[in-house]
Amino acid sequence: MIGARFGLEDGNAMELIDTHCHLEAAAFRDDLAAVIQHAVEHGVNGMVAVGVSPADFAAQRRAVTGARREGLSAWAAFGTHPWWAERVDANAAISALEASWGDDERPVAVGEIGLDFARDDIDAERQNALFTAQLDWAAERDLPVILHERKSADRLLYWLRRRQHAGGVVHGFTGSRQQAEQFIEQGLFIGVGGAITHPGAHRMHRMMRELPLEALVLETDAPNQPGHAHRGECNMPGYLPENLSALASLRGLDRDELGETIERNVERLFKGRLRYNAVDRPFT
Ligand SMILES: [Zn+2]
């Protein structure tokens, strides 16, 4: 056992996976063990540590190893986030991905990549070049992508429709329901984060009631984007079950049953690449 299993006691308990957090973040650096322990205590079984810039990949790898040492399943996704587009060009981003692919243990996804058109201080053409190079690199290896979307849903959809890709997830989605449906048609999942816990998020709530359950996965984006109960605090992967509860109550579903559906979605999202290091599901 890797700590408290979530909900069920029959040995078939769901695996509750945070599909998006930033374990290497400065906010966690001093006490990652406590962050991991908090997650285990709250029934989180695993987490995907998502990269933002090649300069941090080594720290990210150390954080993943550290999380495993604490008994949690953890995996890395590497990628260069659009906020770094002025500092890291497409060639440098691809070189960093190539280096990560040579490691014994390969990343389970490419991300966080995408487009952020709310940031008008970052050249849109540099963002497009950085994004499409990484999208193509992921497709060649059948790797899912973890997408950052801000005022860029239509442009992301434009690229997804015109290029080969291996699916993925739109993280922290802020677009419309119609756009969400178009991402789902493209084979992408929608990441459900702390925003769903905000009582005033009516548009988000309506969307989360209506989108197909088979297209949803859970995420925290910790240490960013804390949910309602933790406003102004550092977000933690251990808060993930609060997003599950919020989604279950919006959908009028049993939390454990919903959790099992989400677990199957996560397996599909990562194409069976997640292997667990729990005692009963040895890491291979
Ligand atoms: Zn993120």
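**Close-up views of a predicted model**

**View 1. The loop between β8 (216-218) and α9 (240-251) holds P223.** Helices (H or I, at least four residues) and strands (E, at least two) are DSSP runs, numbered from the N terminus. This is a predicted model, in which local features need pLDDT of at least 70, side-chain atom pairs count only at pLDDT 80 or more, and totals for chains, interfaces and linings use all residues. Residues are numbered from 1 along each chain as its sequence is written. The peptide bond from A222 to P223 is cis, and its omega is near 5 degrees. Q225 also has its place in the loop between β8 and α9. Phi of Q225 is positive, near 50 degrees, and the residue is not a glycine. Most residues other than glycine have a negative phi, and most peptide bonds are trans.

**View 2. K271 lies in the segment after α10 (255-269).** Its phi is positive, about 55 degrees, although K271 is not a glycine. K271 has 14 other C-beta atoms within 10 Å and is therefore partly exposed; a residue is buried with 20 or more such atoms, exposed with 12 or fewer, and partly exposed in between, with C-beta atoms placed from the backbone.

**View 3. Strand β4 (residues 109-116) contains E112.** A cis peptide bond, with omega about 15 degrees, joins G111 and E112. The bridge partner of G111 in β5 is I146. β4 and strand β5 (residues 145-150) run parallel and are joined by six bridges.

**View 4. Eight strands form an open sheet with parallel pairing.** Two strands pair if DSSP finds at least two bridges between them. The order is β1-β2-β3-β4-β5-β6-β7-β8. β1 (17-21) and β8 are the edge strands, each pairing on one side only.

**View 5. V110 is among the residues with the most contacts inside the largest nonpolar core, as are M47, A49 and I190.** This core has 80 residues; a nonpolar core is a set of buried Ala, Val, Leu, Ile, Met, Phe, Trp, Tyr and Cys residues joined through C-beta atoms within 7 Å. Two residues are in contact if their C-beta atoms, placed from the backbone, lie within 7 Å. Leaving aside neighbours within four places in sequence, the contacts of V110 include A77, F78, L97, W137 and V145.

**View 6. The protein chain has a mean pLDDT of 91, and 92% of its residues reach 70 or more.** pLDDT is the predictor's confidence in each residue, from 0 to 100. Residues 1-11 have pLDDT below 50, and this stretch has 26 contacts beyond near neighbours in sequence.
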